[in-house]
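Please look over the sequence and the structure shown below before reading on.

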Amino acid sequence: MKYLVVGPSWVGDMVMAQALFMSLKQQDLQAEIDVLAPGWSLPIIARMPEVNTGIAAPWKSGELALKAQWRLARTLKGYDKAIVLPRSFKSSLIPFFAGIPERVGFSGEGRSILLTDARRRHPTRDGSTITDKTVWRYMGLGASKADYETYRFDVPQPSLTINKTNLNDVMGKLGLDPERPAIAICPGAEFGPAKQWPLENHRALAEKLVQQGFQVWVMGGPKDVEPGEQIANGQEGVFNLCGKTRLEDTVDLFSHCRKVVSHDSGLMHVAAASGADVVAIYGSTSPDFTPPLTDKATIVRHPVECSPCFERTCRFGHYNCLTGISVQRVLEACQ
């Protein structure tokens with residue numbers, strides 16, 4: 001069976017999608033899997049041994065790019081089945097244009113006509129109880145209709161390939177000590193501030209970790225440069241690496257860390273798949289919905305009546321689910 005999987009547009013979701021690729025290989029060792037996804041994700045897809053080829057999607061956020069999709073679709077031949085993970089209309093177009101005989105995805109946005117197997121989404125919550133997991137959704141689209149309806153899957157843990165040569169090169173370029181134990185802090189979360197532990201807490205945590213003999217790597221993308229500087233500024237042994245590493249470099253650096261402290265973010269999932277011990281801080285979201293897919297994770301939460309609300313910002317303005325988590329508590333989770 002030759003699959004074309006249309007991948008998601010978020011870092012964490014792409015990592016969780018590896019569980020689907022692993023499941024397809026478990027079902028059929030001869031399965032060939034290509035992944036169509038945003039160009040930024042190709043380096044991380046290349047670290048997934050189950051995937052033959054990553055193909056850059058021709059669209060950008062908010063663009064339909066019909067001509068570009070049509071041109072790419074005409075080059076995609078020989079696929080038996082397409083699995084469309086995103087729920088947008090445009091993500092279903094290339095498998096349709098390419099004439100792939102089986103096209104599985106979720107219904108919605110009027111796209112059922114583009115799919116041969118349009119499946120209804122299960123509800124995320126029943127009151128305050130989580131009834132769904134993102135990774136179950138992905139694995140469900142790779143299962144039969146009957147198995148999809150049971151909707152409970154044994155999830156294989158994503159595992160990204162580590163490049164030790166690249167790790168050593170990156171550490172050398174960044175001036176990092178390979179002999180001193182490292183802990184990474186990831187202060188960002190694209191979703192919004194309702195996921196983000198206060199920066200002053202991150203800074204205090206970094207200070208205490210340095211006192212215990214660790215070097216601290218503050219890691220994130222270009223948007224995290226300023227928050228990273230607020231954490232690292234003036235602290236010896238704390239390095240602001242935000243915006244200085246490629247995604248594949250981050251994979252390798254995480255593999256070297258004793259712990260990775262992160263919010264419920266894409267980098268949390270990257271760290272888990274890199275084999276790192278993860279300290280995962282949850283605020284407005286829930287580990288029942290998007291857990292780090294590893295046995296080496298410590299979940300840190302402060303239960304309040306209104307959490308999880310899954311809101312980007314706190315509707316009450318207090319962010320108690322995050323401010324109630326002490327620096328000492330996270331420090332203890334790092335031991």
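How many salt bridges does the structure hold? The structure holds 10 salt bridges, a salt bridge being a side-chain nitrogen of Lys or Arg within 4 Å of a carboxyl oxygen of Asp or Glu. The model is predicted, so that local features need pLDDT of at least 70 and side-chain atom pairs count only at pLDDT 80 or more, while totals for chains, interfaces and linings use all residues. Residues are numbered from 1 along each chain as its sequence is written, and side-chain values use heavy atoms, with hydrogens and water left out.

**Salt bridges**

Side chains of opposite charge can pair when their charged atoms come close.

| Pair | N to O distance |
|---|---|
| Arg47 and Asp252 | 2.8 Å |
| Lys145 and Asp117 | 3.8 Å |
| Glu248 and Arg246 | 3.3 Å |

The side chains of Arg47 and Asp252 meet in a salt bridge. Arg47 lies in the loop between helix H2 (42-45) and strand S3, whereas Asp252 belongs to helix H10 (residues 247-256), so this pair ties together parts that are 205 residues apart in sequence. Helices (H or I, at least four residues) and strands (E, at least two) are DSSP runs, numbered from the N terminus. Arg47 is buried, with a relative accessible area of 10%, and Asp252 also counts as buried, at 0% relative accessibility. In these terms, buried means under 20% relative accessible area, exposed over 50%, and partly exposed in between (1.4 Å probe, protein chains only).

A salt bridge also forms between the side chains of Lys145 and Asp117. This pair links distant parts of the chain, with Lys145 in helix H6 (residues 145-150) and Asp117 in strand S6 (residues 117-119), 28 residues apart. Lys145 counts as exposed at 53% relative accessibility, whereas Asp117 is buried at 10%.

In the pair of Glu248 and Arg246, Glu248 is buried, with a relative accessible area of 15%, and Arg246 is partly exposed, with a value of 46%. Elsewhere, salt bridges that share partners join Asp117, Arg119 and Lys145 into one network.

Ser274 is placed in the loop between helix H11 (266-273) and strand S13 (278-281). Is Ser274 buried or exposed? Ser274 is buried, its relative accessible area being 8%. Beyond its neighbours within four places in sequence, Ser274 is in contact with Leu160, Ile162, Val251, Phe254 and Ser255, where contact means heavy atoms within 4.5 Å. The side chain of Ser274 reaches the backbone oxygen of Val251 at 3.3 Å.

**Backbone features in loops**

Most residues other than glycine have a negative phi, and most peptide bonds are trans. Ala65, a residue other than glycine, has a positive phi near 50°. Ala65 is found in the loop between strand S3 (53-56) and helix H3 (66-73), and this residue is partly exposed, with a relative accessible area of 24%.

Phe310 likewise is not a glycine and has a positive phi of about 60°. The place of Phe310 is in the loop between S14 and H12. Pro308 is found in the loop between strand S14 (297-300) and helix H12 (320-323). Ser307 and Pro308 are joined by a cis peptide bond, with omega about 5°.

How values were computed:
Polar contact = N/O pair within 3.5 Å; in protein donor to acceptor, adjacent residues only side chain to side chain.
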